[in-house]
Amino acid sequence: MLAWLLMSLVGNNARAQERDLKLEEAIKLGLDNSKTLKLSQSRIDQAISQYNQAKDKALPTGSVSLAYNRAEIPYNTLAFGNSDIHLPKSADAFLGIASLSETIFAGGRYKYAKQSTEILTNISRLDADKDKDQITYQVINAYYNLYKVLQSQKVVTQNLASIDAQIHQSQRFFEQGLVTKNDVLRFQLQRSNVELTGIDLESNRKIINYNLNILLGLPESTRLTIAEIPMAKRSIGTLANYVDSAVSNRQELRQLDLRNKYAETNIKTISAETKPTLSASLGAYYVDANINPLPKSGNFITPVTIGLTGAWNFGTLWTNKNKLAQARLEREEVSINKGITVDNIKNEVNQNYQNYISAMDRIQLLQTSIEQASENNNILTSKYKSNIASATDRADAETLLYQAQINLELAKADAGLAYYTLLKSTGKLNK
């Protein structure tokens with residue numbers, strides 16, 4: 001009874017550590033647990049903060065202050081001919097100032113500063129979208145790699161069962177004197193080779209499983225299983241449609257468009273620095289020549305001032321010439337980079353498009369090869385049972401079928417991954 005309970009507990013723990021994972025679920029976990037995306041969001045928040053600071057620069061500025069001064073005057077007499085001026089031995093004074101100023105015109109500097117930081121905020125958002133696509137693709141890539149290994153392991157298990165049956169049959173034939181000991185060893189050697197493949201597959205499974213757990217934020221000991229992935233052929237459009245989609249949706253190109261706007265705004269900002277400024281101000285003063293800081297009739301005055309200030313640093317007309325030239329060169333560089341990026345994206349989309357078509361064609365060919373390998377295996381099985389074919393021919397036929405089955409499972413996974421790779425290159429992986 002105790003042994004049964006222990007076995008039951010072990011079995012329950014093993015089941016608790018297994019998790020059947022669907023692709024949509026894996027993508028959601030990967031995005032929710034990505035530290036890279038959290039860092040991207042932090043950068044967006046910083047850009048928004050800088051944008052708000054740029055808006056604040058256009059607001060009025062104000063200040064208020066209260067100062068106390070005491071003067072000690074040891075020599076307090078001034079002689080002017082026949083008259084003298086006598087000052088007190090000491091004096092106290094309070095000076096309060098309240099001021100408010102507003103820039104009326106600054107050549108558009110504040111407006112362009114706000115536009116620049118808004119553009120940088122949008123660039124940060126596109127960086128986050130790009131990171132999101134990259135994380136999604138990493139999850140999909142790891143998911144399909146795990147699927148490939150698990151499907152290959154299924155094929156290995158099926159082939160081991162088939163080889164065991166052949167070994168059992170060959171041993172019976174050997175006991176009856178129908179085959180030689182070498183024929184039995186041939187099947188046993190085939191089984192050893194398949195077992196070696198199984199060991200390599202299990203090692204790969206553990207590595208991919210562990211990495212995927214880390215990527216998804218799951219416990220490291222979780223054993224992931226994947227249900228059969230449907231391989232219905234996805235409809236595929238023309239290459240031109242995928243290229244047009246990439247040109248419209250790729251974050252890199254949208255970022256370059258924003259960087260071109262940023263360069264334009266930078267040119268306007270430098271031009272604005274050469275223009276005069278006009279500001280208005282309002283000031284109120286409290287002057288009290290009394291040691292008591294509280295106002296007392298006859299001891300204080302409160303002048304109020306209103307003013308307009310115009311200023312022009314006309315030296316920027318010649319000192320900003322080279323800055324303006326550099327800004328225009330930077331705008332030209334952005335334009336050239338966009339052309340290069342468009343060419344690279346077109347090449348990338350074309351390569352991924354051709355890879356997907358090739359992967360689907362490979363599946364069709366492998367399905368045909370499995371049919372041929374199965375028929376060949378059935379023929380040689382019948383001949384071997386009739387003692388017409390040798391054990392070597394029988395084992396070779398079994399190996400060909402086994403290899404064709406593994407190749408088909410790998411090709412299905414490769415085709416699925418090739419489709420998502422094509423989708424990523426068009427910028428529509430998460431759309």
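Predicted model: local features only at pLDDT ≥ 70, side-chain atom pairs only at ≥ 80, totals over all residues.
Visitor: How many salt bridges does the structure hold?
Guide: The count is 14.

Visitor: Which residue does Arg250 form a salt bridge with?
Guide: The partner is Glu348, with the closest N and O atoms 3.3 Å apart. That pair links distant parts of the chain, 98 residues apart. Arg250 lies in the loop between helix 6 (239–249) and helix 7 (251–272), and Glu348 lies in helix 9 (residues 321–385).

Visitor: Is Arg250 buried or exposed?
Guide: Arg250 counts as buried, because its relative accessibility is 7% and the cut-off for buried is under 20%. Glu348 is partly exposed, with a relative accessible area of 27%.

Visitor: What about Asp257, which side chain does it meet in a salt bridge?
Guide: Asp257 meets the side chain of Lys338, at 2.6 Å from N to O. This pair also links distant parts of the chain, with Asp257 in helix 7 and Lys338 in helix 9, 81 residues apart.

Visitor: Which residues do salt bridges that share partners join into one network?
Guide: Arg70, Glu72 and Asp92 are joined that way.

Visitor: Changing topic, what does Glu25 meet in a salt bridge?
Guide: The side chain of Glu25 meets that of Arg19, at 2.6 Å from N to O. Glu25 counts as partly exposed at 29% relative accessibility, and Arg19 counts as partly exposed at 28%.

Conventions:
Residues numbered from 1 in each chain as written. Heavy atoms only, no water. Salt bridge = Lys/Arg side-chain N within 4 Å of Asp/Glu carboxyl O. Buried < 20%, exposed > 50% of the residue type's maximum accessible area, 1.4 Å probe, protein only. Helix = DSSP H or I, 4+ residues; strand = E, 2+ residues; numbered from the N terminus.
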